[in-house]
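Subject: Structure handover

Hello, here is the structure, with notes on what turned up in it. Please read them with the model open.

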Amino acid sequence: MVDFAGKTVWITGASSGIGAGLATGFARAGARLVLSGRRAEALAEVAGRCQAEVLLLPFEATDLEALPAIVAEAEAKTGGIDILVNNAGISQRSLALDTDFDVYRRVMEVDFFAPLRLTQLVLPAMVARRSGTLVNIASVAGKVGSPLRSGYCAAKHAMIGWSDTLRAELAQYGVGVHVVTPGFVATGIALAALKGDGSENGPNDDPVSGGISTDEAATQILAALALGTPEIPVGRAGAPEMQLLDLKRGDPVQLFKLMESLAPRVARA
Amino acid sequence: MGAYTDKRIWITGASSGIGQALAKRFSDEGAAVILSGRRSDALELVAMACRGATLELPFEATDFEALPAIAERAMAWRGGIDILVNNAGVSQRSLAVDTDFETYRRLMEVDFFAPLRLTQLVLPAMLERKAGQIIFMASIAGKIGGVLRSGYSAAKHAMIGYADALRAENEHAGIKVTVITPGYVRTNIAINALTGDGGVRGQSDDDIDGGLRVSEAVTMIFDGLAAGRREIPVARGPIAEALKLKSLDPDRLFDVMSAQGAIEAMRR
């Protein structure tokens with residue numbers, strides 16, 4: 001069992017959703033926190049719920065030029081990052097046919113290139129120390145290509161392919177790599193998701209609202225991390241979206257048929 | 001005459017390797033083939049080796065501004081595209097800790113964004129006809145995060161995630177989406193692979209040189225296409241076993257891959 005007490009944990013996208021749930025979860029486990037996100041006020045609010053030493057470090061995830069200085073600040077003020085949780089991300093709700101090329105770029109930037117760059121900057125110190133943990137919050141969509149999420153699936157698949165290589169290359173340096181694949185968790189992800197023209201999806205009846213709570217998601221993630229599980233599915237046991245993960249492994253052809261049946265039928269001229 | 005008589009097939013990366021061999025085979029089977037790649041002289045040689053009608057359409061895969069006009073020309077040649085083969089791609093041979101951020105960008109541009117954009121341009125006409133096929137040449141690295149291939153694995157995983165979503169959305173409308181996952185095939189892929197600083201590797205490796213012959217790979221691909229498979233693995237031996245292991249016991253596969261990572265770091 002891994003003990004999180006006294007560990008320094010850096011969480012991106014910590015101002016809401018699973019990131020905020022992880023912040024309070026790690027705080028309860030005795031960790032010191034670095035909380036990042038775009039909105040300083042929301043981060044401060046989350047920090048107020050954490051019984052822990054907290055450094056607030058707001059930044060724009062895709063301002064890649066600014067990242068080296070931000071990482072230097074995080075390392076200088078904490079003495080070193082033990083666990084990096086790449087949690088910030090954005091989803092999509094639009095058919096491929098209706099999705100602008102620039103939306104694909106935007107989703108890949110936020111969901112793949114931003115965590116990649118942050119990891120590149122945090123990793124050398126972990127390798128030098130021969131210890132560290134990378135936690136990449138992917139999605140069931142990183143395992144299963146699903147309707148309305150062609151760009152999100154691409155970016156989350158990319159995150160997982162890269163993570164699996166990192167795990168293979170970094171195990172020898174004592175750096176662990178964990179991939180988390182949440183199913184439906186009750187967050188604002190569907191509300192903030194991009195539509196085909198890049199605008200925000202807005203209020204909707206997306207099934208994520210019926211998902212597990214962010215606290216429950218955080219509990220599942222922390223428990224699996226403590227056990228050293230490399231791939232961590234998160235959701236309600238037996239829920240349909242979680243069964244997709246098993247189906248993808250056991251019978252991908254059956255899965256493809258099922259996914260096709262879920263695609264919205266849209267009449268086209 | 002053959003299974004692809006008068007089918008209009010557009011192949012990228014057709015100047016060498018698997019793409020070149022696919023072009024010849026489709027041509028043998030009666031297709032009209034559009035050959036794309038960067039090098040027009042190499043495309044001309046491939047065209048000469050094809051029995052049937054060909055159109056040479058050279059372009060730079062990542063010149064996104066030029067792609068709409070290129071796609072128009074491809075579709076205008078014979079009034080449409082029946083099958084698009086997104087085959088062009090570039091691989092990588094460098095540990096993640098030695099790989100520049102810009103190299104990751106380059107791999108994603110060539111291996112994901114370029115085929116994505118081409119697909120966007122060809123798909124609407126296919127949907128209007130309610131028929132068409134998009135073939136994605138991915139890789140085993142699109143299923144398994146491979147050592148020395150952190151960016152390539154990311155881009156090929158991205159391609160598969162996109163392809164699977166595209167299939168889910170459009171199969172009911174008559175569009176077939178096929179993902180091909182070659183393992184080691186004797187092509188120039190390792191020679192042309194990017195190193196960490198974005199340079200070209202310039203040498204092959206034992207895995208590729210000991211891989212399937214291109215002709216064997218093409219036979220496996222055509223058998224898979226004829227059987228209507230949505231996913232076509234092109235591999236034998238240990239790497240084919242690794243693909244099965246990913247399905248059955250991913251944890252065990254991670255152990256195997258980590259052992260490989262340790263070996264590569266010693267070679268570094």
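Two terms come up in what follows. Residues are in contact if their C-beta atoms, placed from the backbone, lie within 7 Å. Axes are lines fitted to C-alpha atoms, for helices over the stretch in contact, and angles run from 0 to 180 degrees between N-to-C directions.

This is a predicted model: local features need pLDDT of at least 70, side-chain atom pairs count only at pLDDT 80 or more, and totals for chains, interfaces and linings use all residues. Residues are numbered from 1 along each chain as its sequence is written, and chains are lettered from A and ligands numbered from 1 in the order in which they are written. Helices (H or I, at least four residues) and strands (E, at least two) are DSSP runs, numbered from the N terminus.

Chain A sheet

In chain A, 7 strands make an open sheet with parallel pairing, ordered E3-E2-E1-E4-E5-E6-E7. Strands pair if DSSP finds at least two bridges between them. Strand E3 (54-56) and strand E7 (231-234) of chain A have a single partner strand each, so one side of each lacks a neighbour in the sheet. Neighbouring strands are turned by 15° on average, direction ignored. Strand E1 (residues 8-11) and strand E2 (residues 32-35) of chain A are parallel and share 4 bridges. There, A:Val9 stands opposite A:Leu33.

Helix H4(A) lies across strand E4 (83-86), strand E5 (132-137) and strand E6 (175-182) of chain A, at about 165° to E4(A). Helix H7 (residues 214-227) of chain A packs on the sheet too, touching E5, E6 and E7 of chain A. Its direction makes about 160° with that of E7(A).

A:Tyr104 lies in H4 (residues 101-129) of chain A. A residue is buried if 20 or more other C-beta atoms lie within 10 Å of its own, exposed if 12 or fewer, and partly exposed in between. A:Tyr104 counts as buried because it has 25 C-beta neighbours inside 10 Å. Beyond four places in sequence, A:Tyr104 is in contact with A:Thr99, A:Gly151 and B:Leu116.

Chain B

Chain B also has an open sheet of 7 strands, paired parallel in the order E3-E2-E1-E4-E5-E6-E7. Strand E3 (54-56) and strand E7 (231-234) of chain B are the edge strands. Strand E5 (residues 132-137) and strand E6 (residues 175-182) of chain B run parallel, joined by 6 bridges. B:Ile134 has B:Val177 as its bridge partner in E6(B).

Helix H1 (residues 17-28) of chain B is mostly covered, with 9 of its 12 residues buried. Among them are B:Ile18, B:Leu22 and B:Phe26. After H1(B) comes B:Gly30, with a positive phi near 100°.

B:Ile11 touches residues including B:Leu22, B:Ala23 and B:Val33.

Between the chains, 49 residues of chain B are in contact with 48 residues of chain A. On the chain B side, helix H4 (101-129), helix H5 (150-170) and helix H9 (250-267) of chain B each give two or more residues. H5(B) gives the most, with 17 residues.

Note on methods. Contact = placed C-beta atoms within 7 Å.
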